[in-house]
Amino acid sequence: MSAVDQLVLSGVTVDFDGFKAVDGVDLTMTQGVLNFLIGPNGAGKTTLVDAVTGLVDGTGTATFRGADLLTMKSHKIVRHGVGRTFQTATVFEELSVLQNLDIAGGVHRKAWRLALPRRGVPDYVASALDTIGLTHLADTPAGYLAHGQKQWLEIGMLLVQDASVMLLDEPVAGMSAEERDATGDLLRRVGADRTIVVIEHDMDFVRNYADHVTVMHAGKVLAEGTVTEVQADPRVQEVYLGHAAAVATQEELAVVGLAVEDEEEAS
Ligand SMILES: Nc1ncnc2c1ncn2[C@@H]1O[C@H](COP(=O)(O)OP(=O)(O)OP(=O)(O)O)[C@@H](O)[C@H]1O
């Protein structure tokens, strides 16, 4: 049996002209565990993922399978098995589902082979189509897909890239309840043999699917543990309470047990 993979961040810092959007983050994310990254707006969650995937410069180390991702260019990071999605789906709308997957899979093919006509659907693409539940829509232009289906296609694109680490930025934003459940089930399926990190504000989703939660605030890790553990942490409650004065929703407050509408109604 092969060893369990881990993505290990140590002292990761991103400095934008003196402003530390990410400030000395130490974090270990383990294969087979659904890791969630939460925290108020501006906490540094996306910037942390940007650093790990080579989109912004960071200091410290982010080690995966013996390599420090912070020293690598973004295309090398993809080849090293680390993939991500963005808050807004980035599929090619005019190309079919199958073509999107085929292009994403090209990351591991030599350039001259990309130009060759492909015969049939390669097994790994068929398998990804099946996993994301879009086999019946393989020839449909991605632009015609429902919102949730586009997000699943993006996850499929990471599957065909053979991403062993998947960093997903708010994958269920704007989804229906059914789509959110289907996404959670999909993440459980693909997460067993991968390292998954989900940035999420949807606290119902976090409660239902998170195995391990890291709370970020002002660029730092404020707390980590199970949902129950972080909910019980007074520092987490304080951050969300302070944030409540500005923009926190009842949903966000609920994660730390601060959705008070029931008590108010009762009194
Ligand atoms: N390129 C940049 N230059 C300067 N500041 C930036 C840059 N990108 C992000 N920031 C700032 O860094 C901080 C962290 O932003 P980030 O988007 O990482 O937070 P977040 O936790 O992902 O928030 P959200 O939940 O709203 O997506 C914010 O104050 C943001 O304004």
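Gln31 touches Val4, Asp5, Gln6, Asp193, Arg194 and Thr195, leaving aside residues up to four places away in sequence; two residues touch, or are in contact, if their C-beta atoms, placed from the backbone, lie within 7 Å. Gln31 sits in the loop between strands E2 and E3. Helices (H or I, at least four residues) and strands (E, at least two) are DSSP runs, numbered from the N terminus. Gln31 counts as partly exposed because it has 19 C-beta neighbours inside 10 Å. A residue is buried if 20 or more other C-beta atoms lie within 10 Å of its own, exposed if 12 or fewer, and partly exposed in between.

The model is predicted: local features need pLDDT of at least 70, side-chain atom pairs count only at pLDDT 80 or more, and totals for chains, interfaces and linings use all residues. Residues are numbered from 1 along each chain as its sequence is written.

The protein has 12 helices and 10 strands. Of its 267 residues, 41% count as buried. Among contacts with a separation of 6 or more, 66% are between residues 24 or more positions apart.

In soluble globular proteins, nonpolar side chains tend to be buried together. The largest nonpolar core here has 70 residues, of which Phe36, Ala62, Leu101, Leu153, Val198, Val206 and Val213 touch the most other members. Helix H6 (residues 147–160) gives the most to this core, with seven residues. Such a core is a set of buried Ala, Val, Leu, Ile, Met, Phe, Trp, Tyr and Cys residues joined through C-beta atoms within 7 Å. The residues that Ala62 touches, not counting those up to four places away in sequence, include Leu7, Leu9, Val12 and Val52.

Helix H7 (residues 177–191) has one side turned inward. In H7, Arg180, Thr183 and Leu187 are buried. They cover an arc of only 60° around the axis, so they lie on the same side of H7; the arc is that of the directions from the helix axis to the C-beta atoms. On the other side of H7, Glu178, Asp185 and Arg189 are exposed. The cover over the buried residues of H7 includes strand E3 (34–38), H6, strand E8 (195–199) and helix H8 (203–209).

Around it are Phe16, Phe19, Ala21, Gly39, Asn41, Gly42, Ala43, Gly44, Lys45, Thr46 and Thr47, where a residue counts if its C-beta atom, placed from the backbone, lies within 6 Å of the molecule. The largest share of this shell, three residues, comes from H1.
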